[in-house]
Amino acid sequence: MELILELAAQTVQMFGVLVIAPFLLGITRKVKARLLRRIGPPMFQPYRDLWKLMHKEAVLAHNASWLYRVAPYCVFATTWVAAALVPTYSTGLIFSWSADLIAIVALLATGRFALALAGMDVGTAFGGIGSSREMMIASLAEPAMLLVVFTVALVAGTTQLSTIAAAFTEAHVGLRVSLGLALFAFVFVGIAENARIPIDNPATHLELTMVHEAMVLEYSGRHLAMIEAAAALKLTLYFSLLVCLFAPFGMATTDRSIAALALGGAAYLAKIALLAALLPIGETAVAKMRVFRYPIFLGGAFAAAALAVFLLFVSRGL
Amino acid sequence: MTSISFDVAHLLAGSMLVLSFLLLYQDRITATLNVFALQAIMLSLAVAWQALIQEAPHLMVTALIALTVKGFVIPAALHRIVRRLGIHREIEQVIGGGPTMLTGLGLVALSILLVMPVGQGVSLLTREDLAFALAVILLGLLMMITRRNAVTQIIGFMSLENGLVLAASGAKGMPLVVEFSVAFSILIAFIVFGVFVFRIRERFDTVDVSALDRFRGERSDHS
Amino acid sequence: MIAPLDAILWIPLVAVPVLALVTDYRLGAALNVFASFLTLAAGISLLFVERVRTDVFIIDDFNIYLVTLTAFVGFTTSIFSATYISHELEIGRLTPAFLRFYHALYQAMIGAMNVALVANNTGLLWVGVEVATLSTVMMVGIYRTPEAVEAAWKYFILGSVGIALAFFGTILVYLVAQPVLGEGLSAMAWDKLVEKGTALDPKLLSLAFVFLLVGYGTKVGLAPFHAWLPDAHAEGPTPISAVLSGLLLNVALYALLRFKIVLATNPETLDVGAIMIALGLISLVFASFMLYRRRDIKRLFAYSSIEHMGIMTFAFGMGGPLANFAGLLHMTMHSLTKSAIFFAVGHIAQVKGTQRIADIRGLSTTHPVLAVGLTFGVLAIAGLPPFGVFLSEFMLVSSTFARQPIYAIILVFGLIIAFGALILRLQSVVFGEAKGPIGKVKASYIPLFVHLAFVLIAGLWLPEPVVRWFRAVAAQLG
Amino acid sequence: MVAVIALWCVAALAIVAASATILGRLAVGTPIIYAGSLVASLVALAAALAHLLDPHAAVATLTLPIGVPWLGTHFRIDPLSAFFLIVTNLGGAAASLYALGYGRHEAAPLRVLPYFPAYLAGMNLVVLADDAFTFLVAWEFMSLASWALVLADHRAPENARAAFIYLVMASFGTLCLLLAFGLLAGPEGGYVFATIRDSHPQPVIASLVLLLVLVGAGSKAGLVPLHVWLPLAHPAAPSHVSALMSGVMTKVAVYGFIRIIFDLVGELAWWHSLIVLALAGLTTVLGVLYALMQHDLKRLLAYHTVENIGIIYIGLGLALAFKANGIDWAAALALTAGLFHVLNHSIFKSLLFFGAGAVLTATHERDMERLGGLIHTMPKTAFAFLIGCIAISALPPLNGFVSEWLTFQAILVSPQLPQWGLKLMVPSVGALLALSAALAAACFVKAFGVTFLGRSRSHAAQTAKEVDRFSLSAMFILATLCLLAGVLPGVVIDILAPVTQSLVGSVVPKHAGPPWFSIVPIAESRSSYNGMIILLFLVISGWLTALFIHRFATRATRRSAIWDCGYPDPSTATQYSSSSFAMPIRRVFGTTVFDVHERIDMPRPGEMRAGNFQLKVFDPAWRMVYGPLTRLVDTAANRLNALQFLTIRSYLTLTFSALIVLLIVVAAWS
């Protein structure tokens, strides 16, 4: 019985993130449009887009290989699994121990690997440029992300997300310089990883600096739908991570009653909705960068994260 | 051992050393040859004196060989070579006479320094003899390396060998000294013969570097 | 029944006039092989009879294996030479008359080396070394090309000065011994000198050793007395290069070591070890660098001999049971390996018609067996396992580093520099696009591979008696 | 018993090698030789595995009366050597199997066949050796055999150069090890490892030994800046040998390091680990960056080996740091991470080299700029190669991730280290490791993408044929192992337990306990990972998605021309190439890390000539270390060479001067 409940809790989370992901995208688009004094699409537009794409015929290039067709599922599956393993409304879900924070970062890397390969499959200049830049950005973002992981893990004494979240809700961690720096780095990394401005522009296909959209240029139909869904999931995942690592309050920890869980769920939804609204505000305020400015942007994140780790090592009280 | 025998041996050995210096000082081949002949004669006297005082008659043979071969035969042969080759005019010295003499003096000092501290187990005569012989040897070597002319170099080597014989004859009761001196004479004969036969080798070293390069076959190709 | 000791001395002595008289060069070569074989048989039987110790001759742990080694290499070289010279005759580099001379000198050299080895007398040792030197001088010049004459002349002049200095050293040793051991032969006998070593005057003994070091060091080929060695190896007939490197250098080193044993008994003498270390390291490093610019393949390996004599001298200079053992082993291994290399080089020079390294390429394509022989030989001499040279270098380097790290570092530096040069040349000769004639090798491969087999076996397993002899001598060397 | 079996296997390999000199002339020789090697390797593998899995297995020793006369030759099997026997023979068996097919294409079998089994035998002997002499003989024998294999295609001048540099550096490394053993054995020559173990060396000696071993074993393993031979020599050899050199021999070098430092020296100061970690971190990042710049597939793989060696050494360095501070359980974790990576790398690097070899056989091309689209012509090879790429990029759920994850876990324990130097060094190394992991992924996207994906850039690539069954089965076996080690990491960690127990006196908690094969290196609250669950999750969610789409949406698919934003260019040259893929990263790191020479010749508007872009990337190790060294030797050789051309008189002067100097020495002494 207990097992079934546990499984149910896990399943709720797994499908929960899937369900809310397009909505978050809708929020950001809506807010952004309003900021630009447009009315903007309805908040549920992303669901409709996905549904439409799924019902369209997929057009493949003559020389597309099996990898091209498998990659979208692969990207989607890895992102989904990763997103499902980040605690959202409750800690200590049944499968939470199967992957820690490092593994989640690595799962996202697997998805990116598949997508970058897919970008090169047909043999176009656009696909190549996208893959090449995506991997360059990742190579700068991933170490910064891992240093953020280090920071958090060192403060909490674990890399297990559930434990981290529980520790941060219950124990008096307080405000720490390290965590502040880590948050700063995390936001930067999140922006880069989700192909948001100023690194990339998710709203356009035809810009010379495009990265993510160049990679998926040849995709259409259900494959594109998978990739889009994965992108939305990834954004959700980063929001969840941010919430889980830096603002875990409200999450159900030891108290596993329905009420506590419901409270956790509500808190989670509120928090990520807030983040989804904040993101376009930030995006509207800055301009897109040139490609070779990225290292400076991500280098800043790396430096902040490294500083956070060093501070922790030097003085564990900070 | 009486003092007179000691003094005579000392005198003879010392005069050999003086003659070595004279050899070093000479700058004409014919004069060098003559001085060398004189040194050889002096050597034979010294060896003969040793034969007397050591009562070792076989040393007389050595003295005789020194006298005939090195005192007369070889100088005469060398005179002929020199005339044949037309090099009787002057000697090419690598370094000037002054430095050579100074170096020579240094070598003598070194020989004395080396032999004199030797313990009392070795008799004084032997030690004195040894110091002179060592000096003669070193001066002979010095002569070999400061002269460019093959004939004078041979003379340097023979002078060196004179020093050896002097030392050997001073070593009381050493076996095979005679045989050694004979062997050395043959060796010198070979050298003289070599110079005589391979006239391409007028000199041990030649100013013409390109000729050498051809012989050694190493430098000519640039791979 | 002739005693083996007499046999090793008499067989070459008898062979000299016989060979000088035999006009047919084939018969001469066969007789040369036969005489060398008899010497080898005598040398081997020496191992099984009672050791001799008279006023004039001595057989002990030190020279017993060297005699056998000399006889063995002498024998294998005579086989190689027999097939080698017929080719030289064909291409007109030698005439039958010169071959008579050559074979006689060959036996004279072997005999002289045997004399030097078994002598229990400093003077006789000197005579042996000098006769061996002079006979090789003549063989070096046997081709009568300007280069050969020049090489022989250089060898002769430098050798003569060495002879003279070694003789002076010998006189000095006699002078030292005479007050203690009395006049006559006993003052020149090894065993007596060693017995009464502590009573000898240490100062004069040290002075004597300096002269012996320069004199015999010239024969050993230590830098800076080495100048004759590369040219003599390069210009003479290859069998002579093989015995020069394989045997004569050893005999000269043996002479030096005998004196070192005498000095080792007297603690008040000069620390000659330090001088030997210095000379050894100079030779090693110098020869290593010299290897790089060599264009003549025989000269290349001649410099490698200088390098290895440097290593041995260094080892004996270091002293101690391990280093001395390593030095003795290295002596043996080097003599086998280097002569094998010269066999291979001789074949190569004959089939390719040149000694220029640049003109020999891709040997593994044209002459695979020969390439294998050369490669194994060079790898062995470069100190790679599983060959015997590695064992000695292993002991030497490891034991030196624990005692004198600086020396070991210089040693390792020299070894790696030399290694680089040897491998560089080896690769250019053996590999790459083939160049030059592809004619068949006429001479016999047997000596080459027999030597390599011994070196290989020694690298993995040393027979017990050899180990015993080496350890006994190592203890004596101090 | 196991020692005897292993030695018999070595003997069998030696016999196979010897018979290859004759059999190599026959057509049937090749399969017989490789089959022989395969059987011998498998037997040794089974024996070693049995030894390591047997909880009651005792350390086995064996002495043969050969080698150093009065010591004999010692062999020993303890958990460490058993583990490395597994690594060696697994690689050896896979390479033999692969070569059953691949070897048939060899132009000159006699240049490969005898040396291949000899090479395997050498590597096995290194692992078995229990005295310094045997160890070094085997070590150098291994170098020698692989040198011959590098020269298999001896006509190419660059191969000769590679072989030369390789052998010289190998020999240099051996001499360094020799010096280290000299220090450990002492002047009396206690070369047997048991003797060395009992003599506890002074701290100074231990430090010296560490430096020497770092250089000696490091030059074989490929630590920066001693790595330069590796990208030259590994690609030059036939591919199955490249696989062994990269996948196995570098591990034997790691074994040498572990054996000497952890086992023989034992007691080390904490700052020793600082050196190891610094070198390892540098190696990791530089290795992968150089790898990214390559366009020769095999050279890329070889450079990438340098990176992985760095990762392994990070684990070893951490283990040293923990051990020096007495935190044994953390040392066990770090060592486990390092050793796990040893196994992993040997598997996937062999796999990748096999793949590269298959490509080479099919297309006769190593240059990625002339490949492409092979996924269509060689689908099976492509699949296996892809698995290798994922594994080596440290992506879950394959094995590369597990070892890297363990390394990260060990890094995260490091705040417990008391020393400030380590407190600063360890997170830096962690950052470098993270950087290299991301770069590795980029590197293999490039390797796989340019080689197998896109459109064929040459006729050879277009007409390539899938390789034979033996090669494929070797690749697929290794790919399966990549997956198995990734989803069942607990099994490997348990296998490693006796090794860490014997070296650092502690083990990572047993993994028989936690359910579902998850691994818990420290405690459940701290961290855990379950590759099996992740894989299941991925498969299930992927399958669910596909099912959902196929059920509720459409499966309609249409083939069409490439869209490419409406401007498709039929020329295959317009695809992204290897160097253009690497360009962003080259720009980012170029100025500091590489010697990059770019020359762009761009026609002005209106000019009709073709544009030209030239790119040269050099390894700065050449400029900074090896260039000056070569010049030094060159200059010295040139200067000294004048001494060959002196006159006889000058030589006499030399003799005379030396005599005078010696006489002055005597005079001064007396």
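Student: How many residues of chain D are in contact with chain A, and what makes two residues a contact?

Tutor: In this predicted model, 72 residues of chain D are in contact with 72 residues of chain A, where contact means that the C-beta atoms, placed from the backbone, lie within 7 Å. Helix 17 of chain D gives the most to the side of chain D that touches chain A, with 15 residues. Local features here need pLDDT of at least 70 and side-chain atom pairs count only at pLDDT 80 or more, while totals for chains, interfaces and linings use all residues; residues are numbered from 1 along each chain as its sequence is written, and chains are lettered from A in the order in which they are written.

Student: How do you know which pair of chains shares the most contacts?

Tutor: Four pairs of chains are in contact, and of these chains A and D share the most contacts. Chain A and chain B, by comparison, do not touch, their nearest C-alpha atoms being 47 Å apart.

Student: Why are strand 1 of chain A and strand 3 of chain D called paired?

Tutor: Two strands (DSSP runs of E, at least two residues, numbered from the N terminus, as helices are runs of H or I, at least four residues) pair if DSSP finds at least two bridges between them. Strand 1 (residues 58–61) of chain A and strand 3 of chain D have four bridges, in the parallel sense, so they meet the definition. One of the bridges joins Val59(A) to Arg558(D).

Student: Which residues of chain A are in contact with Ala441(D)?

Tutor: Leaving aside neighbours within four places in sequence, the contacts of Ala441(D) include Ala109(A), Phe113(A), Met135(A) and Ala138(A).
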